[in-house]
Amino acid sequence: MSRFLVVDDNPQNIYQLYVLLGGHGHTVESALNGEEALAKAQQTPPDVVITDVLMPIMDGFTLCRHWRADDRLCSIPLVIYTATYTDTEDEELALSLGATRFLIKPIEPEEFMQQIENVLRQHQSGHLHPPPDTSLQEPQYLKMYNEALVRKLEDKIADLEREVAKRQQTEEALRQAKERAEVANSVKSEFLAMMSHELRTPLHVILGYADLLLENTFGELSSGQSDVLVRLRNNGRVLLERISLVLDLRRLEDGRFPLEVSEVSLPLLVQQVEDEMPELRQQPGVRYIRTVAASLPPLRTDPGKLRLVLRNLLSNALKFTEAGTISLKVTKNDQGIEIGVSDTGIGIRAHALPHIFDPFYQVTDVNTPQRGGVGLGLHIVKRLLDLLDGSVTVDSQFGSGSTFSVFLPWGGPPETLAEDD
Ligand code: ADP
């Protein structure tokens with residue numbers, strides 16, 4: 001068993017040698033630079049020193065020079081183990097300074113150990129050649145040492161230049177990718193806007209004619225004809241709603257959904273939503289109940305956006321309640337207005353609750369094709385309420401129903417400052 005002193009400014013390298021040498025029964029001391037190594041060795045000389053070259057405070061070459069100049073240490077083998085100084089000139093300098101071996105990383109552990117055991121054996125049997133002429137004259141030493149440093153500097157500069165070139169290439173590739181993504185995004189936006197418009201306009205015309213037909217404007221209809229027409233109109237409305245959702249999301253994402261805040265009467269707004277959704281009172285087996293607290297003061301908000309929120313929540317309640325009750329309840333408290341939309345429908349499983357406001361999220365096993373939907377309604381509700389400085393929460397029991405609670409503060413969304421403010 002021998003005592004090793006390992007000198008390296010990288011603790012990970014020290015650890016590797018600690019494991020390797022320790023595994024062969026040796027003890028290992030360590031130092032983080034040449035100066036610390038000299039101090040430790042002068043106190044308790046090791047059997048062998050293994051040193052890195054590039055280190056702060058005192059590098060491996062200088063350590064080697066001091067080592068050989070020290071009477072107590074000069075006969076102890078010093079092995080240079082480096083990954084940075086790898087030229088033959090570096091090796092020549094190290095050996096001329098009295099290094100016993102010059103090993104370049106990486107080396108397989110077995111080979112490394114062979115070299116070290118070899119040094120130990122030769123040293124113990126007195127066969128280790130005495131350190132070569134260490135009387136390298138100061139000017140000569142300085143010249144070689146400076147040359148080694150300059151070589152290293154040149155290597156480092158070349159490395160840096162390569163690194164900079166690589167980064168510039170990556171940055172350029174990123175810039176081009178970003179440009180392409182922006183173009184694609186704006187094309188997508190334009191396309192969606194165009195499609196929404198192109199689809200909505202004829203749909204409005206179709207629905208208008210369906211209403212006129214159902215009002216017998218073009219003559220009396222048989223009950224069979226009316227039934228077919230009602231289905232046609234209902235499906236037309238669903239289609240219109242889905243197209244509108246996509247358009248709403250696009251406007252939200254483009255920041256093109258400006259707030260139009262006014263003093264809003266909630267009973268009136270609820271009435272408007274109900275008028276827009278006659279299906280609330282037409283779905284067989286479903287009862288719709290509305291409770292609006294008496295004497296509600298007007299609320300500062302954007303009525304169009306609030307109507308959209310309520311329509312989305314109510315149409316979900318209808319969609320997921322085959323039979324039962326849907327209720328809309330408006331209450332007030334000191335901070336603002338609370339609107340609860342509850343149903344006694346299928347409810348939502350606990351694992352899905354954290355995701356239902358995510359875009360395009362649907363609870364797969366309950367979203368049958370009959371129910372349809374694209375998973376955007378609740379996401380839009382959340383984004384609209386963010387704009388209104390409000391919030392939405394959900395409480396649901398799978399199998400028993402859900403309650404979505406919307407909160408809106410009395411003060412409404414923050415005012416947009418006028419230009420000259
Ligand atoms: P979708 O267009 O699918 O209705 P939403 O974003 O409005 O999209 O809702 C997301 C998912 O949350 C729905 O697909 C459904 O699984 C679930 N969900 C929303 N509202 C209810 C509700 N009232 N009852 C049960 N599940 C609901």
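**Close-up views of the predicted model**

**View A. Tyr-81, at 11% relative accessibility, counts as buried in this predicted model.** The cut-off for this class is under 20% relative accessible area, and Phe-112, at 1% relative accessibility, therefore also counts as buried. Across the whole structure, a search finds 4 aromatic pairs. One of them is formed by Tyr-81 and Phe-112, which are tilted, with 4.7 Å from centre to centre and 40° between the planes. This pair links distant parts of the chain: Tyr-81 belongs to strand β4 (residues 78–82) and Phe-112 to helix α5 (residues 109–124), 31 residues apart.

**View B. Phe-357 and Phe-404 form an edge-to-face pair.** The ring centres of Phe-357 and Phe-404 are 6.4 Å apart; planes over 60 degrees apart count as edge-to-face, and those of this pair stand at 85°, which is why it is assigned to that class. Distant parts of the chain are linked here as well, since Phe-357 lies in the loop between β10 (336–343) and α10 (377–387), whereas Phe-404 lies in strand β12 (residues 401–409), 47 residues apart. Phe-357 and Phe-404 are buried.

View C. A polar atom of the His-379 side chain lies 3.1 Å from the backbone oxygen of Phe-357. His-379 is buried, with a relative accessible area of 10%. Phe-360, found in the loop between β10 and α10, is by contrast exposed, with a relative accessible area of 56%. Most residues other than glycine have a negative phi; Phe-360, although not a glycine, has a positive phi of about 65°.

View D. In α2 (residues 34–43), the buried residues are Gly-34, Ala-37, Leu-38 and Ala-41. An α-helix has 3.6 residues a turn, so residues three or four places apart point the same way. The elements covering the buried residues of α2 include β1 (3–7), β2 (27–31) and α3 (60–69). At the start of α2, a side-chain oxygen of Asn-33 comes to within 3.0 Å of the backbone nitrogen of Glu-35.

**View E. Helix α3 is mostly covered, with 7 of its 10 residues buried.** These residues are Gly-60, Phe-61, Thr-62, Leu-63, Cys-64, Trp-67 and Arg-68. They pack against β1, α2, β3 (48–51), β4, α4 (88–96) and α6 (138–214). At the start of α3, a side-chain oxygen of Asp-59 reaches to within 3.4 Å of the backbone nitrogen of Phe-61. The loop between β3 and α3 contains Ile-57, which has a positive phi of about 70° although it is not a glycine. Ile-57 counts as exposed, at 66% relative accessibility.

**View F. Charged ends sit over the rings of Tyr-85 and Phe-398.** Tyr-85 forms one aromatic cluster with Phe-61 and Tyr-145. Over the ring of Tyr-85 sits the charged end of Lys-152, 5.3 Å from the ring centre. Over the ring of Phe-398 sits the charged end of Arg-349, 4.0 Å from the ring centre.

**View G. Thr-321 is buried, with a relative accessible area of 1%.** Thr-321 lies in the loop between α9 (303–319) and β9 (324–332). Residues up to four places away in sequence not being counted, Thr-321 touches Gln-283, Val-286, Ile-326, Asp-343, Thr-344 and Gly-345.

**View H. Lys-105 and Pro-106 are joined by a cis peptide bond.** Omega is about -5° for this bond, while most peptide bonds are trans. Pro-106 is found in the loop between β5 (101–104) and α5.

**View I. Residues 416–421 have pLDDT under 50.** The model has 0 contacts beyond four places in sequence for these residues. Where pLDDT is low, the predicted coordinates should not be read in detail. The chain averages a pLDDT of 89, and 94% of the residues score at least 70.

Methods:
Residues are numbered from 1 along each chain as its sequence is written. This is a predicted model: local features need pLDDT of at least 70, side-chain atom pairs count only at pLDDT 80 or more; totals for chains, interfaces and linings use all residues. Side-chain values use heavy atoms; hydrogens and water are left out. Buried means under 20% relative accessible area, exposed over 50%, partly exposed in between (1.4 Å probe, protein chains only). Helices (H or I, at least four residues) and strands (E, at least two) are DSSP runs, numbered from the N terminus. Contact means heavy atoms within 4.5 Å. A polar contact is a pair of N or O atoms within 3.5 Å; within protein, one must be able to donate a hydrogen and the other to accept it, and residues adjacent in sequence count only if both atoms are side-chain atoms. Rings of Phe, Tyr and Trp (its six-membered ring) pair if their centres lie within 6.5 Å; planes under 30 degrees apart count as stacked, over 60 as edge-to-face and the rest as tilted. A charge sits over a ring if NZ of Lys or CZ of Arg is within 6 Å of the ring centre and within 35 degrees of the ring normal. pLDDT is the predictor's confidence in each residue, from 0 to 100.
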